[in-house]
Amino acid sequence: MTITFADLVKIYRQSEFIENSDKAIFCSNSAEDVELLNLLSSDEHYDESGIQTDSNELEANHAIPLVIGSPALALGRLYDDFEGFVKGDMTHLHNPKMSNKPYFIKSENITFDDVEKPQYLLNYEGIKAFLYQLISMASYSDNVNKKLIFFSKKTFELSIDVPKQLSSFCASLQELDSQKLQLMLDFGDWLNDEETSSHIDEKKSILAFVFADTLPQGATIIDVLQQIAQIDEAVRKQYALYMENFSYEKFVKKLTENSEKFIARVNDSISKLLPQFLGLPLLTAIPTTLRSGDNWLVYIALCFYCAMCYLGLTYQKQVLDNLSDDVEQFEQKGKVPVQLKPDWQKDKEKIEALVKKQKMLYWLLLVVVGSCFFYAFTKFFLYLHIIEVIYG
């Protein structure tokens, strides 16, 4: 039969541990508990459970002396008191597989999966999670000397050797209130925020600079806990300043590119519009018609040509209208920063001036096209009337 750490906890919680020893007295009125104890202390499972009894006969409602040693690491960990737990757990800080093993603390009668835990244990779990985040933010982790190395303008070393300062560290856990704990957890979450993961190198650099600027040389994790509020505020402010500068420079580039694109679109529209009229015989169409006499084919050709020019003009007018709408909406969609609005207004005025002149050209050419069409259409119907009168 396979045994679990939960089986061991059942025995631990019904045993009275004798201080400063591995001895305990087990007493239960449940036959099932006695049967479980018999199983755990058997030759088959003793090496795993670490539980040994001197009694040959185990009975319910009888005090049973036990010797309770450490269980196999595959099952879990057993500690005498809270300081022993912190010391042992921190020894495995760089080995999460071991650090996450279930545990039981004798003096506190606490196990790893208890729903209700004392505040100091919750503080420890929060600090441990925060330490893991600091390890990921450090430039280098010295596992031998238990230090985190941060590089900024100067090298900064942060000691995380908790066993060396065990009493002070545990005292800090007792003093840490829930508000400061939450601040630390929020700061750790912010450092690990996926939305700003593309700027993780900048966060690391800023954190290293703030550590070096705020903490003394030889600082420990206790110093970080004591000044977590100042560290959190300084890092966030410097990161916000960096992002503001980053966004400003990025938007300047974007603004310049979009202004150039708008002007290029206007110029492109002009370059497509003018050849239709200046490069084609529009201005010579009427003199040609006049010299040709009353040739109805010329009148029809001129009408078709004017219709083509009109369609080309309306297409370019639609392009201009769309361009004007894009320019008007760019400020809202692009969220132009206040600092850049004067520059954008100058570019906008240049673009609007070009669009205005092209629209004036549009209306002028529309009048010319309309006049030519009216002339050709009138002459064609006049020619038909004359033919009808002659051949009536």
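The protein has 14 helices and 10 strands, as seen in a model that is predicted. Of the 392 residues in the protein, 39% are buried. When contacts between residues at least 6 apart in sequence are considered, 70% of them join residues that are at least 24 apart. The protein exposes about 22500 Å², and 55% of this area is supplied by carbon and sulfur atoms.

In soluble globular proteins, nonpolar side chains tend to be buried together. In the present model, the largest nonpolar core comprises 51 residues, and the members with the most contacts inside this core are Phe-82, Val-86, Leu-158, Phe-169, Leu-207 and Phe-211. Helix H6, which spans residues 119-137, gives the most to this core, contributing nine residues. When neighbours within four places in sequence are left aside, Phe-211 is in contact with Leu-134, Phe-150, Phe-156, Leu-158, Val-224 and Ile-231.

Helix H9, formed by residues 200-214, contains Ala-208. With a relative accessible area of 1%, Ala-208 falls under the 20% cut-off and is therefore classed as buried. Not counting residues up to four places away in sequence, Ala-208 touches Phe-150, Phe-151 and Ser-152.

Helix H2, which covers residues 31-40, has as its buried residues Asp-33, Val-34, Leu-36, Leu-37 and Leu-40. These residues lie on the same side of H2, because the arc that they cover around the axis is only 160°. The face of the helix that is turned away from this buried side carries Ala-31, Glu-32 and Glu-35, which are exposed. The buried residues of H2 are covered by elements that include helix H1 (5-13), strand S2 (23-26), helix H3 (46-49), strand S3 (51-53) and strand S4 (64-68). At the N-terminal end of H2, the cap is provided by Ser-30, a side-chain oxygen of which lies 3.3 Å from the backbone nitrogen of Glu-32.

Conventions: Residues numbered from 1 in each chain as written. Predicted model: local features only at pLDDT ≥ 70, side-chain atom pairs only at ≥ 80, totals over all residues. Heavy atoms only, no water. Buried < 20%, exposed > 50% of the residue type's maximum accessible area, 1.4 Å probe, protein only. Helix = DSSP H or I, 4+ residues; strand = E, 2+ residues; numbered from the N terminus. Arc of directions from axis to C-beta. Contact = heavy atoms within 4.5 Å. Polar contact = N/O pair within 3.5 Å; in protein donor to acceptor, adjacent residues only side chain to side chain. Areas by Shrake-Rupley, 256 points an atom, 1.4 Å probe, with all protein chains shown as cover. Core = buried A, V, L, I, M, F, W, Y, C linked by side-chain atoms within 4.5 Å.
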